[in-house]
Amino acid sequence: MSEQPAPAPVPSAVPVSAPDTARAAAHNGSVLPADVAAALKRDGAGLVAAIVQQFDTNEVLMLGWMDDEALRRTMTTGRVTFYSRSRQEYWRKGDTSGHVQWVKSVALDCDGDALLVRVDQVGAACHTGTRTCFDGRGLSVVAGEASVTGNAS
């Protein structure tokens, strides 16, 4: 990705999978709201998938990863911040490309293991220059249909 990274996270002595405010406080002294921190189900690296969607068209733009600090920054700055798994550092969408994601809302899914970040996307969302990370990448599938009787099996 061509985005300029933010400073790397401070290592934590708190276990990565700890779903509590101690995990949130471990990063750069910042804290997520207690109810948010408790509801998150992080993967083994302490990350949650963040699906990014255009707020007014519902277009799915991309998928990124957030830890507690990236989520806190996203919720409090009006700009989307991700955690790069490959570089192991933060990056704020648009800092170098100008393709900024302005936060409109953030929601947690029912299981707590994914975020829906609704944004106003300026320019391309994908680092390849396409509007979305899914443009031109459709797979061949057998399409299903809803049954006439409404019974699903």
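Analyst: Happy to. A contact here means heavy atoms within 4.5 Å. Among the contacts in the chain with a separation of 6 or more, 48% are between residues 24 or more positions apart. This is a predicted model, in which local features need pLDDT of at least 70 and side-chain atom pairs count only at pLDDT 80 or more, while totals for chains, interfaces and linings use all residues. Residues are numbered from 1 along each chain as its sequence is written, and side-chain values use heavy atoms, with hydrogens and water left out.

User: Thanks! How many helices and strands are there in the chain?

Analyst: There are three helices and six strands, and from the N terminus on they run α-α-β-β-α-β-β-β-β. Helices (H or I, at least four residues) and strands (E, at least two) are DSSP runs, numbered from the N terminus.

User: And what share of the residues is buried?

Analyst: Of the 153 residues, 37% are buried. Buried means under 20% relative accessible area, exposed means over 50%, and partly exposed is in between (1.4 Å probe, protein chains only).

User: Which residues of the largest nonpolar core touch the most other members?

Analyst: Those are Val52, Met66, Leu71, Phe82, Leu115 and Val117, in a core of 22 residues. Elements that each supply at least two residues of this core include helix H2 (34–39), helix H3 (68–77) and strand E6 (114–121). A nonpolar core is a set of buried Ala, Val, Leu, Ile, Met, Phe, Trp, Tyr and Cys residues joined through side-chain atoms within 4.5 Å.

User: What is Leu71 in contact with, leaving aside its neighbours within four places in sequence?

Analyst: Leu71 is in contact with Leu32, Val36, Leu40, Met66, Val106 and Leu115.

User: Staying with H3, which residue caps its N-terminal end?

Analyst: Asp67 does, with a side-chain oxygen 3.2 Å from the backbone nitrogen of Glu69. The Asp67 side chain also reaches the backbone nitrogen of Ala70 at 2.9 Å. Such a polar contact is a pair of N or O atoms within 3.5 Å; within protein, one must be able to donate a hydrogen and the other to accept it, and residues adjacent in sequence count only if both atoms are side-chain atoms.

User: Is Asp67 buried or exposed?

Analyst: Asp67 is buried, because its relative accessible area is 4%. Just after H3, Gly78 takes a positive phi of about 85°.

User: Switching topic: how many salt bridges does the structure hold?

Analyst: Seven, where a salt bridge is a side-chain nitrogen of Lys or Arg within 4 Å of a carboxyl oxygen of Asp or Glu. In one of them Asp68 pairs with Arg42, the closest N and O atoms being 2.8 Å apart. Asp68 is in helix H3 and Arg42 in the loop between H2 and E1, 26 residues apart. Asp68 is buried at 2% relative accessible area, and Arg42 is buried too, at 11%.

User: Where do Arg131 and Glu59 lie?

Analyst: Arg131 lies in the segment after E6 and Glu59 in the loop between E1 and E2, so their pair ties together parts 72 residues apart in sequence. Their side chains meet in a salt bridge at 3.2 Å, N to O.
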